[in-house]
Amino acid sequence: MRFRIDLKIFIFLILFYFTKQIELYAFIMIFAIIHELGHLIAGLLMGMKPEKLELMPFGVSVSFRINVKEYNKKIKKGNKLEIKKIIVAMAGPITNLIIIIITLNLKLEIVKSLMIIYTNFLIMIFNLLPIYPLDGGRILKGILHIYIGKRKAEKYVNKISKITVMIITAISSILILYIQNISIILIDMYLWYIMIKENLKFKRKETIINNITSYDFSTENIINVIK
């Protein structure tokens, strides 16, 4: 299994340190790692093999090796692999929810208890946003893939991701005026980064597909190309 560190994490560390929010950031990172352990355990239980582990500005990301045989097991317009991906994606937020429930039933100091609940709730809601490649985006993509097919699912998820980021930016702009917290700006910037990155991937993929589907594969054209 490969391991990679996203260097942007050091920028976030510096910003949170100088804004005196390093403790909050530490809590987010600790529970984000536990969140990712939920994905990892679910993936292993599903018989999936982890391929890459990446330390990112707001947690850890684990990716699994795809078993080609899973593509042959059809479920409507998708396949068995999509069901596994949905379960793995749901495992992270469920892990945070379990931590919240456990914390509510423990006799901890009120400040520490609220910090744990707040951090896990924030991670859970953030990851459930319908923005790919966040958990919410992955769950949505998997469900749509099963019912309307892979290509349509990717198109819809790409559009929904853009709209969601725009709505969050509008809400964040209002919140910043009242709360004046730099973490809101950083989260918003990070969402724009991942959305733009995935949008570029989607456009490149669409260009390749369109070029292939529009190409004339007739015998006459192939002979002309060879000549």
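What we have is a predicted model, in which local features need pLDDT of at least 70 and side-chain atom pairs count only at pLDDT 80 or more, while totals for chains, interfaces and linings use all residues. Residues are numbered from 1 along each chain as its sequence is written, and side-chain values use heavy atoms, with hydrogens and water left out.

The patch itself is formed on the surface by Phe3, Ile5, Phe10, Leu13, Ile14, Tyr17, Phe18 and Ile22, which together have about 830 Å² of accessible area. Patches here are made of residues with over 30% relative accessible area and no salt bridge, where nonpolar side chains (Val, Leu, Ile, Met, Phe, Trp, Tyr) are joined within 5 Å and like charges within 9 Å. Accessible areas come from the Shrake-Rupley method with a 1.4 Å probe, and for residues only the protein chains shown count as cover. At least two residues of the patch come from each of β1 (2-5) and α1 (8-18); helices (H or I, at least four residues) and strands (E, at least two) are DSSP runs, numbered from the N terminus. Ile5, found in strand β1, is partly exposed, with a relative accessible area of 38%, where buried means under 20%, exposed over 50%, and partly exposed in between (1.4 Å probe, protein chains only).

Now to the chain as a whole. The secondary structure comes to eight helices and five strands, and along the sequence these follow the pattern β-α-α-β-β-β-β-α-α-α-α-α-α. Of the 227 residues, 39% count as buried, and the accessible surface comes to about 14,200 Å², of which 69% belongs to carbon and sulfur atoms. If we take contacts (heavy atoms within 4.5 Å) between residues at least 6 apart in sequence, 66% of them join residues at least 24 apart.

Which residues does His35 touch, once its neighbours within four places in sequence are left aside? His35 is found in helix α2 (residues 22-45) and is buried, at a relative accessible area of 2%; its contacts are Gly92, Pro93, Thr95, Asn96, Ile123, Asn127 and Asp135.

Helix α3 (residues 80-104) holds Ile83, which is partly exposed at 33%. Leaving aside neighbours within four places, Ile83 is in contact with Ile75 and Ile146, and the C-alpha atoms of Ile83 and Ile146 are 8.5 Å apart although 63 residues separate the two in sequence.

Let me turn to charge. Side chains of opposite charge can pair when their charged atoms come close. The structure holds six salt bridges, a salt bridge being a side-chain nitrogen of Lys or Arg within 4 Å of a carboxyl oxygen of Asp or Glu. One of them joins Glu82 to Lys85, the closest N and O atoms being 3.7 Å apart; both residues lie in helix α3, three residues apart, about one turn of the helix. Glu82 is buried at 6% relative accessibility, whereas Lys85 is partly exposed at 33%.

In helix α7, Lys201 and Glu198 are likewise three residues apart, about one turn of the helix, and form a salt bridge whose closest N and O atoms are 3.5 Å apart. Here Lys201 is partly exposed at 39%, while Glu198 counts as buried at 17%.

The side chains of Lys205 and Glu154 also meet in a salt bridge, at 2.8 Å from N to O. This pair links distant parts of the chain, with Lys205 in helix α7 (residues 182-214) and Glu154 in helix α6 (residues 150-179), 51 residues apart. Lys205 is partly exposed at 33% and Glu154 is buried at 10%, and both belong to a network of salt bridges that links Lys141, Lys150, Glu154 and Lys205.

Finally, Lys77, Lys152, Lys155 and Lys159 gather in a patch of positive charge on the surface. Lys77 has its place in the loop between β4 (74-75) and β5 (78-79).

Note on methods
Lys, Arg positive; Asp, Glu negative; His and termini not counted. Charge placed at Lys NZ, Arg CZ, Asp CG, Glu CD.
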